[in-house]
Amino acid sequence: MAEISWEKPNKPNTQSRVADIANGNRLKFVVVSVVLIGVVAFLLISGTANGGRYFIPVNTLLGRADLRGQSVKVTGAVIGSSIKNDPNTHTFSFTIANLNDDGDALQKAGGLANALHLAVLDTSAQRVQVVVLNQPLPDLLQNEAQAIISGQLGADGIFHADEVLLKCPSRYQSDLPKQSAS
């Protein structure tokens, strides 16, 4: 007659199973850490690839043909006599003159307000016409304001802006003594 025997199956060692799980978790942790470090490194490198600049001056925009049609941020001094507004279409246009973006040059010029003033008066400075569609005319768009514009330079040499940011240091310059005196 055949003998029937029953053997208890070998249970895997609990300690080795815990060790396998711990090793798997460590591997996942290492992989996720490497990926995160890689993403942070990529963001740091791509963010500083253009020298850490937030925007470029008019000279750079006009001097580089590869920037035509590309989305860029440009800075310049607003020439007040060039401001045109069509309230019916919410379209306005203006011209900006090259403004040196070097901090040392701005200091030598006597600060940003004076550099803006000199840029507007300099008839030899490179200039670009800016057109903004479907936006109301900003209150700060005035002579000698610093404009930081986002958009593309068209083949026609006109900068088509999607966004206009304005700084006007001369507007607030006279308010500073009043604020500190009170």
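Predicted model: local features only at pLDDT ≥ 70, side-chain atom pairs only at ≥ 80, totals over all residues.

Residues are numbered from 1 along each chain as its sequence is written, and side-chain values use heavy atoms, with hydrogens and water left out.

**Whole chain**

Display the protein as a cartoon: 6 helices and 6 strands are present. Helices (H or I, at least four residues) and strands (E, at least two) are DSSP runs numbered from the N terminus. Along the sequence, the pattern reads α-β-α-β-β-α-α-β-β-β-α-α. Of the 182 residues, 29% are buried; buried means under 20% relative accessible area, exposed over 50%, and partly exposed in between, with a 1.4 Å probe and protein chains only. Among contacts with a separation of 6 or more, 63% join residues 24 or more positions apart, a contact being heavy atoms within 4.5 Å.

**The cores**

Select Val 74, Phe 94, Ile 96, Ile 149 and Phe 159. Within the largest nonpolar core, which has 22 residues, these five touch the most other members. Such a core is a set of buried Ala, Val, Leu, Ile, Met, Phe, Trp, Tyr and Cys residues joined through side-chain atoms within 4.5 Å. At least two residues each are supplied by α2 (58-63), β2, β3, β4, β5 and β6 (159-167), and β6 gives the largest share, with 4 residues.

Next, centre on Ile 96. Beyond its neighbours within four places in sequence, Ile 96 is in contact with residues including Val 58, Val 74, Val 78, Val 128, Val 130 and Ile 149. A second, separate core of 10 residues can then be located through Ala 77, Leu 99, Ala 109 and Leu 116, which are among its members.

Move to Ser 82 in strand β2. Is Ser 82 buried or exposed? Its relative accessibility is 16%, so Ser 82 counts as buried. A polar atom of the Ser 82 side chain lies 2.6 Å from the backbone oxygen of Ile 79, and a polar atom of that side chain lies 2.8 Å from the backbone nitrogen of Thr 95. Leaving aside neighbours within four places in sequence, Ser 82 touches Ser 93, Phe 94 and Thr 95.

Ser 150 is buried, at 10% relative accessible area. Residues up to four places away not counted, its contacts include Val 72, Lys 73, Phe 159 and His 160.

**Two loop residues with positive phi**

Select His 90, in the loop between β2 (72-86) and β3 (91-97). Phi of this non-glycine residue is positive, near 55°. His 90 is partly exposed, at 42% relative accessible area.

Asn 134 sits in the loop between β4 (127-132) and β5 (146-153). Phi of Asn 134, again not a glycine, is positive and near 55°. With 65% relative accessibility, Asn 134 counts as exposed.

**The surface**

Finally, switch to a surface view and select Leu 27, in helix α1 (residues 14-47). Leu 27 is exposed, with a relative accessible area of 55%. Together with Val 31, Val 35, Val 39, Phe 42 and Leu 43, Leu 27 makes a nonpolar surface patch of about 590 Å².

How values were computed
Patch = residues over 30% accessible without salt bridge, like charges linked within 9 Å, V, L, I, M, F, W, Y side chains within 5 Å. Areas by Shrake-Rupley, 256 points an atom, 1.4 Å probe, with all protein chains shown as cover. Salt bridge = Lys/Arg side-chain N within 4 Å of Asp/Glu carboxyl O. Polar contact = N/O pair within 3.5 Å; in protein donor to acceptor, adjacent residues only side chain to side chain.
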